Amino acid sequence: MAEYQRITHKVHRPLFEQQKRADIDQFFRSFNKTHLNRVLGSPSSSEFSSSLTPQLCALSSSSRIYIYDVENNEIVTNITRFKTPVFCASFHPESPLIVGGCDVGLVKVVGIKKSVQLRSFKAHDGPCRVAKFINAHANILLTAGDDGKIAVCDVATGEIVRKWEAHQAYIRCGEVVGHQGMFITGSDDGFMRLWDYRSDKPLVAEWSGFTDQINCCTVMPGNFMCAVGSGPHLNTISLAQPGKIQSVSHVHQQEISALQYDALNSAYITASYDGSVSCLSSDMSVIWGFKLNAPISTMSYSPKSSHIVCGCIDGSVITRYRGNFRNDMNIFDVEKMEENEEYSSMDSFLKQFSSGHHEIKQIMKKEYKDALKDAEFKDIERKRTFAEYDQFLRKFQYANAIISVLNLNNTKIFASLLQELVLRDALVLALNGLSDETLISEFMRQITHMLSYMEYQELVLEVIDVSYQYFSSNLSSVAVIDGFHTLYHKIRKENEFQDDLLTLRGVINSMDNFQ
């Protein structure tokens, strides 16, 4: 029998690394298309939505937060709930909410679609630079600002439950670590510190020895590493090894203003006030980059690894994207939209009339005052109905709000609540709490009763559409699902019938006029 011999195969790792580097280089060189947009002021922060709508990017600039759809190259929402400059904006991981912090220390939670302000906190004595939701399930916000403090805000109760002094200087950056309440911050005092807000002694670890002031940081998922931008240098630290800086690399000529990590290619993407964007491999060597004509104040990289959004201090927003992703370049100027908004109010509209149109002015002023009185009366009526469930909405207990209103058996109050939930994009969250089939049947019964009121037709159609989609994927009862399905198509047919009836009436009227 032949003697067993061990055979060792040589692995040519340099060739493997060269091929990997070539693939990454080819990937980033495909970012060869550009979109140009413009916002008011200099963008101060940018962040992509993580899961629900990964094509949306939040840009804070001046006193506004712009929700930018990078795939369609358009500003879909313009949030104007702030009166002073906004320094940070961050999406909720799963709900259509966004949180922003401004230069007077106010932190506001706002619904994205309708820009409804849900909460407001006076979290800091100076500008708020960081505001993050802890995770998808906890109603907890962690904020940090120029006062060197970290605040823990409970969105459900609207209270600041904890606050402590974290640094001796301005806090410039912060990121959530994992999903259990860990938070890492960087400051002008030269320290990076890791915190656990649930602990009596929140400080977990710290790192020092950075060559310049810390401007930005990003946490690399899965490997307990954090990249830190200090001055023009890119540093890496291990969260498992406190006090030790793993590596330092000189990347730009001026300060690094923004920093992102591409998990797909294990690459760092940095932006600087020198106007350049650089992509670095894991060994800190520059693979690819490009240069803009203005200093870059913020930069964000899409979760799909398809878009790089750069905000420049001159108000321009440059989006680089992969050539096979979208079509031709389009320019959307937000300033034109702002100019049109100046003429939206009645007073501005009346100024367009000359002094010779005195009678027209008086008539329109009377109509305007009557409209204000009517709106005020409707607002009083709305507050009366709102009082029946306001205590639950304040605590974000949407399911409890529906249950309390179902017990009242009042169609007007029930419709008012549904309108409020649709406005807040919270209908699905409310339905999630209706686990009892008895409650679901009562919910369906009152929805059906609302069909007899013409003013609720559109609202019922929207509620049934959302309810049917939700319950068909989360409920096992065939009877309930079929009930929503039948009701949905019944409303559809009724609306189509009304449209056909209106069309027929128009034809008859036109024939009478012709004769």
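Two residues are in contact when they have heavy atoms within 4.5 Å of each other. Keep that in mind for the chain as a whole: among its contacts with a separation of 6 or more, 47% are between residues 24 or more positions apart.

Now for some ground rules. This is a predicted model, where local features need pLDDT of at least 70, side-chain atom pairs count only at pLDDT 80 or more, and totals for chains, interfaces and linings use all residues. Residues are numbered from 1 along each chain as its sequence is written, and side-chain values use heavy atoms, with hydrogens and water left out.

What about confidence? The score to look at is pLDDT, the predictor's confidence in each residue, from 0 to 100. Its mean over the chain is 78, and 73% of the residues reach 70 or more.

Of the 515 residues, 49% are buried. Here, buried means under 20% relative accessible area, exposed means over 50%, and partly exposed is in between, using a 1.4 Å probe and protein chains only.

Let's zoom in on strand β7, residues 97-102, where six of the six residues are buried. Leu 97, Val 99 and Gly 101 point one way, Ile 98, Gly 100 and Cys 102 point the other way, and all are buried. Which strands sit beside β7? Strands count as paired if DSSP finds at least two bridges between them. On one hand there is β6 (residues 86-91), antiparallel to β7 over five bridges, with Phe 91 bridged to Ile 98. Five residues separate β6 and β7 in their hairpin. On the other hand there is β8 (residues 106-111), also antiparallel to β7 over five bridges, with Gly 101 opposite Val 107. The hairpin of β7 and β8 has three residues between the strands, and Gly 105 there takes a positive phi near 90°.

Beyond its neighbours within four places in sequence, Thr 77 touches Ile 65, Tyr 66, Ile 67, Ile 112 and Ser 115. Compare Ser 435, in the loop between α8 and α9 (437-449): this serine counts as exposed because its relative accessible area is 64%. Ser 435 and Ala 399 are 36 residues apart in sequence, and their C-alpha atoms are 9.8 Å apart in space.

Finally, the empty space. Rolling a probe the size of a water molecule over the atoms shows where such space is left. On a 1 Å grid over the protein atoms alone, a pocket is an open set of points with protein on both sides within 12 Å along at least five of seven lines, unlike a cavity, where a 1.4 Å probe fits but cannot get out; lining residues have an atom within 4 Å of a point. The second largest pocket holds about 1000 Å³. It has 40 lining residues, and Ser 95, Pro 96, Asp 425, Ala 426 and Leu 429 are the closest to its centre. The elements giving two or more residues to this lining are β5 (74-79), α6 (398-408), α8 (427-431) and α10 (457-474).

Conventions:
Helices (H or I, at least four residues) and strands (E, at least two) are DSSP runs, numbered from the N terminus. Grid points are joined across faces, edges and corners, and a volume is the space filled by probe spheres set on the points.
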